[in-house]
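User: Hi! Please walk me through this structure, starting with any term I'll need.

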Amino acid sequence: MKSDNPSHTIRIATVDDAALLAELGARTFREAFAPFLPPSDLESYVTAMYNPALQTEELANPLRKFLIVEHDGAAAGYALLLAHELNPAAPCENPVELERLYLLQSSVGRGLGSLLMRACIEESRRGGHTSMWLQVWEGNTRAMTFYRKMGFGSVGEKEKMVGTQTSRDIIMARKL
């Protein structure tokens, strides 16, 4: 996918990227949430959610599509789109879920998040979707500000378990 900056590229992940996605997912999740979770809960979640076997399984699912953003040839983050039925908490027509949009902390502030989000929107439109929704932890104000800037608005909330911790996620949506 094209970028205005030749040092930034986005590509669709393949099954060969499973280990890379597992490493990126684990690293970005730790960077973002280590200050807020007990270490045992953090590691339990990371072990369960970010491992090559699970990412291989996710990559094989035709309803899931990973987009990897690279900066100067190195992976800087990724997004995961999930096409599935309507979430009752996110009343959207023909939706796609932005299940993950993760950037390494060293890549934040370079415009890569906006580039990746625009690519997700384009890819979703190509897939025939007319709306997008996501969940974001209520304490992640930086992410919520970014999503609002990208046209998302709050449409609901949902509780989520991470290890032994219960958190509240804000559900946001936008038309495509």
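Analyst: Happy to. When I say that residues touch or are in contact, I mean that they have heavy atoms within 4.5 Å. This is a predicted model, where local features need pLDDT of at least 70 and side-chain atom pairs count only at pLDDT 80 or more, while totals for chains, interfaces and linings use all residues. Residues are numbered from 1 along each chain as its sequence is written, and side-chain values use heavy atoms, with hydrogens and water left out.

User: Thanks. What does M117 touch?

Analyst: Not counting residues up to four places away in sequence, M117 touches L98, L101, M132, F146, Y147, M150 and F152. M117 is also one of the residues with the most contacts inside the largest nonpolar core, along with L98, M132 and Y147.

User: How many residues are in that largest nonpolar core?

Analyst: The largest nonpolar core has 29 residues. A core here is a set of buried Ala, Val, Leu, Ile, Met, Phe, Trp, Tyr and Cys residues joined through side-chain atoms within 4.5 Å. Buried means under 20% relative accessible area, exposed means over 50%, and partly exposed is in between (1.4 Å probe, protein chains only).

User: Which elements give two or more residues to this core?

Analyst: Strands 2 (64–71), 3 (74–82), 4 (95–103), 5 (131–137) and 7 (165–175) do, and so do helix 4 (112–126) and helix 5 (141–149). Helix 4 gives the most, with seven residues. Helices (H or I, at least four residues) and strands (E, at least two) are DSSP runs numbered from the N terminus. There is also another core, lying apart from this one, with 19 residues, among them F33, L37, L80 and L104.

User: Let's zoom out. What pattern does the protein follow along the sequence?

Analyst: Read along the sequence, the pattern is β-α-α-α-β-β-β-α-β-α-β-β, from five helices and seven strands. The radius of gyration is 15 Å, close to the 16 Å from the globule rule for 176 residues, so the protein is as compact as a globular protein of that length. That radius is taken over C-alpha atoms, and the rule is 2.2 Å times the number of residues to the power 0.38. Buried residues make up 46% of the 176 residues.

User: Now helix 3. Which residues are buried there?

Analyst: In helix 3 (residues 52–60), Q55, E58 and L59 are buried. Seen down the axis, they fall within an arc of 100 degrees, so they line one face of the helix. The arc is that of the directions from the helix axis to the C-beta atoms. A53, E57 and A60 on the other side are exposed. What covers the buried residues of helix 3 includes helix 1 (18–33), helix 2 and strands 2, 3 and 4.

User: And which residues are buried in helix 2?

Analyst: Those are D41, L42, Y45 and V46, in a helix that covers residues 39–49. They fall within an arc of 125 degrees seen down the axis of helix 2, so they too line one face. The face turned away from this buried side carries the exposed residues P39, S40 and T47.

User: Switching to charges. How many salt bridges does the structure hold?

Analyst: It holds 11, each being a side-chain nitrogen of Lys or Arg within 4 Å of a carboxyl oxygen of Asp or Glu. One of them joins E123 and K65, whose closest N and O atoms are 2.7 Å apart. E123 lies in helix 4 and K65 in strand 2, so the pair ties together parts that are 58 residues apart in sequence. E123 is buried, with a relative accessible area of 12%, while K65 is partly exposed at 32%. There is also a network of salt bridges linking E58, R64, E99 and R100.

User: What about E97: is it buried or exposed?

Analyst: E97, in strand 4, is buried yet has no salt bridge. The nearest side chain of opposite charge is R64, 6.9 Å away, where Lys and Arg count as positive, Asp and Glu as negative, and His and the chain ends are not counted. Leaving out residues up to four places away in sequence, E97 touches L80, L81, L82, H84 and W133.
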